[in-house]
Amino acid sequence: MILEYLQPDPSLLDGATVMLRGVQHVAVLGAAGLALFAMGFGHRLDVTEAARLRRTVLAAIGAGLALSVLALVLRVLVLTAGASATDPDVWAAVLRSRIGDAFWLRGAGLVLLAAVALPWRVGPVVAAVGVALVVGSYAAMGHSTLYGPRQEIVALLVLHLAVVAFWVGSLPVLLWVAGRPDGAAAAVLVRDWSRAATLAVLAMLVTGMLLTWYLTLRLDRILDAWHGWALLAKTLAVLAALALAGWNRLRHTPALARGEAGAGARLAGAIRVEMVFILLAFWAAAEMVSVHPVDYGHRLPG
């Protein structure tokens, strides 16, 4: 939205679409991340936490589906300037386009994620397919379809979003765990999650840097386009969140394990601040996908 209002003729509808896209990212990737946490660490939650996780997964799925429909409607309004938004042929064309491909993949993936909240033996497998469809939907449209090499960019994007989802979706659950009366048990779970998250963060950073290289080519001119400024804002927000996560691992988690008074509250407070930086990163990501990087002739034809 901020980048839109820096343009010569800002559009309220375009700006609202950017903000909606950011909220949609939070809900959709958050739902996928909650499902990933449930598959990897759900068995280590107590009964109350497990029930709360199931409810939160279902709520995130519902929000993701509703926001996806709203985002599609706004997209049609933007594309048609509102003139043909009620034309069935316009909707048919949109739903057959890359926009429609992403919409159907994302919707199907979100529905399958609900399996992780159900007492099915195959639930985790079905939910894993849902995660793949959700993150894969982001490669069905956008910059990954416009720039080459196509296969490499798609693979990097899917892996990048999968680890982002795992990190982001885990934070609400870790917030609950930090409030456990038994600090030592909570610290063990947070520590084990941190080990997995370390590998995820490394994968996120590597894939993020490679995506930046593929989409920009000329890093010395990355700020020549608004895309570069949005990328800079996203990078700063992510680095701030990572710094907090590192501090939690080095300071708050050991204090929780030692049973220090107030350690759980301090860890919870740090996680809340980390979540704020994550929300800022999602806003910047929404700004990024709304504008193109500088084109050096590596955009795919068509």
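What is the relative accessible area of Leu236, and does that make the residue buried or exposed?

Modeller: Leu236 is exposed, with a relative accessible area of 53%, where exposed means over 50%, buried under 20%, and partly exposed in between (1.4 Å probe, protein chains only). Before going further, please keep in mind that this is a predicted model, in which local features need pLDDT of at least 70 and side-chain atom pairs count only at pLDDT 80 or more, while totals for chains, interfaces and linings use all residues. Residues are numbered from 1 along each chain as its sequence is written, and side-chain values use heavy atoms, with hydrogens and water left out.

Leu236 has its place in helix α8, which covers residues 226–258; helices (H or I, at least four residues) and strands (E, at least two) are DSSP runs, numbered from the N terminus. Together with Leu223, Trp226, Trp229, Leu232 and Leu239, Leu236 forms a nonpolar patch on the surface, and these residues share about 570 Å² of accessible area. Such areas come from the Shrake-Rupley method with a 1.4 Å probe, and for residues only the protein chains shown count as cover. A patch is made of residues with over 30% relative accessible area and no salt bridge, like charges being joined within 9 Å and nonpolar side chains (Val, Leu, Ile, Met, Phe, Trp, Tyr) within 5 Å. Helix α8 also holds Gly228, but Gly228 counts as buried, at 3% relative accessibility. The C-alpha atom of Gly228 is separated by 9.3 Å from that of Thr212, a residue 16 places away along the chain.

Now to the setting of this helix. The protein has nine helices and zero strands, and 48% of its 302 residues count as buried. Of the contacts (heavy atoms within 4.5 Å) with a separation of 6 or more, 74% are between residues 24 or more positions apart.

Side chains of opposite charge can pair when their charged atoms come close. The structure holds seven salt bridges, a salt bridge being a side-chain nitrogen of Lys or Arg within 4 Å of a carboxyl oxygen of Asp or Glu. In one of them, the closest N and O atoms of Arg44 and Asp192 are 2.7 Å apart. This pair links distant parts of the chain, 148 residues apart, since Arg44 is in the loop between α1 (12–41) and α2 (47–80), whereas Asp192 is in helix α7 (residues 183–216). Arg44 is partly exposed, at 30% relative accessible area, while Asp192 is buried, at 17%. Asp192 also forms a salt bridge with Arg191, with 3.4 Å between the closest N and O atoms, and Arg191 is partly exposed at 37%. Another salt bridge joins the side chains of Arg258 and Glu260 at 2.7 Å, N to O; Arg258 counts as exposed, at 54% relative accessibility, and Glu260 is partly exposed, at 29%. Elsewhere, salt bridges that share partners join Arg44, Arg191, Asp192 and Arg195 into one network.

For a buried residue in another helix, consider His25, which lies in helix α1 and has a relative accessible area of 9%. Beyond its neighbours within four places in sequence, His25 is in contact with Gly30, Tyr138, Phe282, Ala286 and Val289.

Finally, a word on confidence: pLDDT is the predictor's confidence in each residue, from 0 to 100. Its mean over the protein is 84, and 84% of the residues reach 70 or more. Over residues 296–302, however, pLDDT stays under 50. Where pLDDT is low, the predicted coordinates should not be read in detail.
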